[in-house]
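User: I am new to this structure and would like to go through it step by step. Could you show it first?

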Amino acid sequence: MAAAASGANTATLNPEDFSTLKIEERGDRVVVLLNRPEVRNAIDQQMVDELHLVCAALEQNPKVLIIAGTEGVFASGADIAQLRERRRDDALAGINSGIFVRIAKLPMPVIAALDGFCLGGGAELAYAADFRIGTPGVRIGNPETGLGILAAAGASWRLKELVGEPVAKEILLAGLVLRADQALAIHLITEIHEADELMDAAHALADRIGRQDPLAVRITKSVFHAPAEAHPLIDQLAQGILFESQAKFDRMQAFLDRKSDKKSDKQSDRKKK
């Protein structure tokens, strides 16, 4: 595919290079829509390859990533027709787990905007995001054991970190599929919006992230995901970097200026009274 050659050399994403994804690139974010509606956006090898191209671009040119589905579905899982034919060597290659780890490690935050089915590999893709918001129609879970396999692309270890061990076992071992209200109650998703408002909500969240200092956001994400034994040294080293950044001086000075202006305005109001 043409994108494979160009993606390694440029951080620009050309929507025409993608067949299973719809791509929209803005100044501070990239929107990726999973687009295989004929199979409820099931994740196949082609989609994995194209997601790698997106990651390559965002690793070179860090931006917030918004991932959503099309036609009322996020992703129904891995493509069962392909999955049925995979053997031991395919499992050891970590086809889906590799791309989900790469997405989780992107420099800037990842927002998953969920609607409809978010199952199996689709759920594991959502678990790899930093934020998950959804619609009332969300159905999220991991039915892999019912198919004679396990959720090997992140759910077996990410899910208990997100929702705790008891609920994770209900999902992984007993096939529990959560409704949107259940997912909200355990903070697996953090917001519920009507379907026609979902992308606006995702962009509003991206706007909030965009108001922060990009370097501080990138470093905070890295520190947040560092192993426990790396703290507090990694925090101190990261803070040392940020203490020398121009943005720190500019933003703190702007804060002090605003505070001074408010104080002056209050004093002026008192004199007038």
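User: How exposed is I80?
Analyst: This is a predicted model, in which local features need pLDDT of at least 70 and side-chain atom pairs count only at pLDDT 80 or more, while totals for chains, interfaces and linings use all residues. Residues are numbered from 1 along each chain as its sequence is written, and side-chain values use heavy atoms, with hydrogens and water left out. I80 is partly exposed, at a relative accessible area of 46%. Buried means under 20% relative accessible area, exposed over 50%, and partly exposed in between (1.4 Å probe, protein chains only).

User: And where is I80 placed?
Analyst: I80 belongs to helix α3, residues 80-85. Helices (H or I, at least four residues) and strands (E, at least two) are DSSP runs, numbered from the N terminus.

User: Let us change topic. Which residues of helix α5 are buried?
Analyst: In α5 (residues 95-104), the buried residues are I95, N96, I99, F100, I103 and A104. Seen down the helix axis, the buried residues of α5 fall within an arc of 160 degrees, so they line one face. The arc is that of the directions from the helix axis to the C-beta atoms.

User: What about strand β4, buried or exposed?
Analyst: Five of the five residues of β4 (residues 110-114) are buried, so the strand is largely enclosed by the rest of the structure. V110, A112 and L114 point one way, and I111 and A113 point the other way.

User: Which strands pair with β4?
Analyst: Strand β3 (residues 64-68) pairs with β4 in the parallel sense over four bridges, and L65 has V110 of β4 as its bridge partner. Strand β6 (residues 131-134) also pairs with β4 in the parallel sense over four bridges, with I133 of β6 as the bridge partner of A113. Two strands pair if DSSP finds at least two bridges between them.

User: How many disulfides are there?
Analyst: The structure holds zero disulfides, a disulfide being a pair of cysteine sulfur atoms within 2.5 Å.

User: Which residue does R102 pair with?
Analyst: R102 forms a salt bridge with E59, with the closest N and O atoms 2.8 Å apart. This pair links distant parts of the chain, as R102 is in helix α5 and E59 is in helix α2 (residues 45-60), 43 residues apart. R102 is partly exposed at 26% relative accessibility, and E59 is partly exposed at 36%.

User: And which residue meets D44?
Analyst: The side chain of R36 meets that of D44 in a salt bridge (3.5 Å, N to O). D44 is buried at 8% relative accessibility, and R36 is buried at 11%.

Terms used
Salt bridge = Lys/Arg side-chain N within 4 Å of Asp/Glu carboxyl O.
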